[in-house]
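I opened this entry to keep a record of what I looked up, in the order in which I looked it up.

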Amino acid sequence: MFKKIIVAEDIDSENLGVVSFISKFINAEIVATQSCDKAFSRIKEAIHKKAPYELLINDLSFNLDTRIAHKITSGKQLIAEVRNIQPDIKIIVFSGEDKPAIIKSLF
């Protein structure tokens with residue numbers, strides 16, 4: 001079972017729901033982030049500390065704060081960046097988007 005999980009979702013209530021649901025079934029360290037950049041930063045930091053995340057739960061679309069410069073602007077881009085530094089991480093993607101081409105490209 002997973003012991004260290006990171007959730008990347010920009011909506012607070014969605015983050016809370018995912019974390020709450022997972023916590024009911026497994027005892028794991030769960031970190032929730034609201035931006036792709038923050039999630040990527042935490043994943044890099046965990047790798048550096050030799051305590052990597054085992055699971056990334058990721059939304060595909062993020063509402064970007066225009067006052068902040070974002071390096072990673074979408075869930076799909078986050079997945080690609082994470083796979084470059086931690087190819088063995090497990091990933092669950094969830095989204096309300098109805099874009100089969102994007103979803104198909106992730107497989």
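**The sheet.** I began with the strands and found an open sheet of four, in the order β2-β1-β3-β4, with parallel pairing; strands are DSSP runs of E with at least two residues, helices are runs of H or I with at least four residues, and both are numbered from the N terminus. Two strands count as paired here if DSSP finds at least two bridges between them. β2 and β4 stand at the edges with a single partner strand each, so one side of each has no neighbour in the sheet.

**Basis of the values.** I note that this is a predicted model, in which local features need pLDDT of at least 70 and side-chain atom pairs count only at pLDDT 80 or more, while totals for chains, interfaces and linings use all residues. Residues are numbered from 1 along each chain as its sequence is written, and side-chain values use heavy atoms, with hydrogens and water left out.

**Strand β1.** I then followed β1 to its partners: five bridges join β1 to β2, and four join β1 to β3, the strands running parallel in the pairing with β2 and in that with β3. How many of the residues of β1 are buried? I counted five of its five, where buried means under 20% relative accessible area, exposed means over 50%, and partly exposed lies in between (1.4 Å probe, protein chains only). K4, I6 and A8 point one way from the strand, whereas I5 and V7 point the other way, and all are buried.

**Helix α1.** Next I took α1, residues 12-25, whose 14 residues reach 21 Å from the first C-alpha to the last, close to the 20 Å expected at 1.5 Å a residue; the expected span is 1.5 Å times one less than the number of residues. N15, V18 and I22 are buried in α1. They cover an arc of only 70° around the axis, which puts them on the same side of α1, the arc being that of the directions from the helix axis to the C-beta atoms. On the other side I found D12, S13, L16, F21 and K24 exposed. The buried residues of α1 pack against β1 (4-8), β2 (29-33), β3 (55-59) and β4 (90-94), with contact meaning heavy atoms within 4.5 Å.

**An aromatic pair.** I looked for rings of Phe, Tyr and Trp (its six-membered ring) with centres within 6.5 Å, taking planes under 30 degrees apart as stacked, over 60 as edge-to-face and the rest as tilted. The count by this rule is one aromatic pair. The ring centres of F21 and F25 are 4.9 Å apart and their planes stand at 55°, so the pair is tilted. Both residues belong to α1 and sit four residues apart, about one turn of the helix, and I note that F21 and F25 are both exposed.

**Helix α2.** I turned to α2, residues 36-48, which lies across β1, β2 and β3 and runs at about 160° to β1. Its 13 residues reach 18 Å from first C-alpha to last, close to the 18 Å expected. Which residues of α2 are buried? I listed C36, A39, F40, I43 and A46. Seen down the axis of α2, these fall within an arc of 125°, so they line one face of the helix. What covers them includes β1, β2, β3 and α3 (75-85). After α2 comes K50, and I read a positive phi for K50, near 60°.

**D59.** I located D59 in strand β3 and found that, at 7% relative accessibility, D59 counts as buried. Leaving aside neighbours within four places in sequence, D59 is in contact with A8, E9, D10, G75, F94 and S95.

**The whole chain.** Last, I read along the sequence and noted the pattern β-α-β-α-β-α-β-α. Of the 107 residues of the protein chain, 32% count as buried. Among contacts in the chain with a separation of 6 or more, 71% are between residues 24 or more positions apart.

Conventions
Axes are lines fitted to C-alpha atoms, for helices over the stretch in contact, and angles run from 0 to 180 degrees between N-to-C directions.
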